Amino acid sequence: MLVLRKDNKWDNKSIEELKELTKVLYEPVKTFVQIRKPDPKYQIGSGLVERIAKEIKENEIDIVVFGNQLSPSQKYNLAKNFKVEVIDKIELVLRIFYKHAKSREALLQVRLAELKYELPRAKEKVRLAKQGEQPGFGGYGDYEVEKYYQKVKREINIIKSKLEKLKKHRENLRKRRGNFDTVGLIGYTNAGKTSLLNALSGDRKEVKNQVFTTLSTTTRRIRGIKRRILITDTVGFMDDLPPFMIEAFLSTIEESANSDLILLVVDASDSLEEIERKLKVNYEVLDKINCKSPIITVFNKVDKITYEKREEILKSLKRYIVNPIFVSAKYNINLDKLKEMILENLNLSIGTVETDNPKLISYLYENTEILEDVLEDNKHIITFRAKEKDVNRILKAVRV
């Protein structure tokens, strides 16, 4: 069962997003929406609490999911009335994260997010436990309640330290990859980032029509481009997630956001209002992590929209769009054009060298995009494209 309280007006977007989230783990049976100010005891009005309790008994409901964030006392009061488990949106997202977390780093990040969610609630849980209203909590067994808060803080620090080591390990791996350009996939959850990664790299990473299926960083090489370019996919964004969620996954988000180029992936089949809302969320997150990389706005799923819808998106949302292109990762529409745009936006520079040095020729072919190679008098006149700093370095080495 789903429950959502809104302050002043009906919001179908929030309801549908909550349904999509819930469907990843549970089968929603019924939805209740109430327009009112938050009730300090239940979040919703006591009359609706009684009505829901009756519905739960009649329909044999197992769990109630709130679209609002609940305090420990509200959860306790609701569970006491409903006689079933009660969770809020944040806990639901954490459970989805756990379902999709495969790597050690992803599991650590989910646990960090869980603990950061728990920390400000720990003291209230202690207060409830002291009053005898909540015997034990969070699976921490017989720990004295006074030690609970400090235990949470210690575990947070331990996990942060482990994640920092993993981050340094990733940085060392990047350095060993050599002279690669990097492209990061950023976007709202379920926008089709993984499908685009597969289409550009030739990979077969599993794609599911669910939110938050990608938590770990996945890096592949873009195929069909002479230049060596790596593309990185990571966790998607979502509206109304608290800052600690973003912070927990900061290391993987930063890996994409600090790329030489960002592909901001948008679901073109969404309504104009939804596209605008999700673009705002994307830019808010990028701003929080101080991303300065150039952006290509990739409208995915173009196969699902009309030409008129495409023109309307460009006209109505002009202020939010940078370097737009419409593609279909599923049907390979405009992917070659996207690859051309990637090359054009990587701030590449062009250089020309004349050489008969086999090591230099081999290096240029392995590490740059060769535009032309003319053989004259047993010497190669090679025109190549690479990052400006690399072009300058190569030209300087040749002159020495």
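Me: What share of the contacts in the protein chain with a separation of 6 or more is accounted for by residues 24 or more positions apart?

Reply: Such residues account for 68% of the contacts in the protein chain with a separation of 6 or more, where contact means heavy atoms within 4.5 Å. This is a predicted model, in which local features need pLDDT of at least 70 and side-chain atom pairs count only at pLDDT 80 or more, while totals for chains, interfaces and linings use all residues. Residues are numbered from 1 along each chain as its sequence is written, and side-chain values use heavy atoms, with hydrogens and water left out.

Me: How many helices and strands does the protein chain have?

Reply: The secondary structure comes to 14 helices and 13 strands. Both are DSSP runs numbered from the N terminus: helices are H or I with at least four residues, strands are E with at least two.

Me: Why is Phe 299 called buried?

Reply: Buried means under 20% relative accessible area, exposed over 50% and partly exposed in between, with a 1.4 Å probe and protein chains only. Phe 299 has 0% relative accessibility, and therefore counts as buried. Phe 326, at 6%, is buried too. Of the 400 residues in the protein chain, buried ones make up 52%.

Me: What makes the pair of Phe 299 and Phe 326 stacked?

Reply: Rings of Phe, Tyr and Trp (its six-membered ring) pair if their centres lie within 6.5 Å; planes under 30 degrees apart count as stacked, over 60 as edge-to-face and the rest as tilted. Here the centres are 4.8 Å apart and the planes are at 15°, so the pair is stacked. The structure holds one aromatic pair. Phe 299 lies in strand E9 and Phe 326 in strand E10 (residues 324-326), so parts that are 27 residues apart in sequence are tied together.

Me: How do you know that the charged end of Arg 310 sits over the ring of Phe 326?

Reply: The criterion is that NZ of Lys or CZ of Arg is within 6 Å of the ring centre and within 35 degrees of the ring normal. The charged end of Arg 310 is placed over the ring of Phe 326, 5.6 Å from its centre.

Me: What makes up the largest nonpolar core?

Reply: A nonpolar core is a set of buried Ala, Val, Leu, Ile, Met, Phe, Trp, Tyr and Cys residues joined through side-chain atoms within 4.5 Å. The largest has 25 residues, and those with the most contacts inside it are Leu 196, Leu 263, Ile 296, Leu 338 and Ile 342. At least two residues each come from strand E5 (181-187), helix H7 (193-201), strand E7 (229-233), strand E8 (261-267), strand E9 (295-300) and helix H12 (335-344). H12 gives the largest share, five residues. Another core, of 21 residues, lies apart from it and includes Ile 186, Ile 253, Phe 299 and Phe 326.

Me: Why are H7 and H12 called roughly perpendicular?

Reply: Axes are lines fitted to C-alpha atoms, for helices over the stretch in contact, and angles run from 0 to 180 degrees between N-to-C directions. Angles under 35 degrees count as roughly parallel, over 145 as roughly antiparallel, 65 to 115 as roughly perpendicular and the rest as oblique. The two axes come within 11 Å and cross at roughly 85°; H7 and H12 are therefore roughly perpendicular. Leu 196, Ala 199 and Leu 200 of H7 make the contact with Leu 335, Leu 338 and Lys 339 of H12.

Me: What makes helix H2 (residues 46-59) and helix H3 (residues 72-82) oblique to each other?

Reply: Their axes come within 9 Å and cross at roughly 50°, and H2 and H3 are therefore oblique. Among the residues that meet are Val 49 and Ile 52 in H2 and Leu 78 and Phe 82 in H3.

Me: Is Lys 83 buried or exposed?

Reply: Its relative accessibility is 68%, so Lys 83 counts as exposed. Lys 83 has a positive phi of about 65° although it is not a glycine. Lys 301 likewise has a positive phi, near 65°, but at 17% relative accessibility Lys 301 counts as buried.
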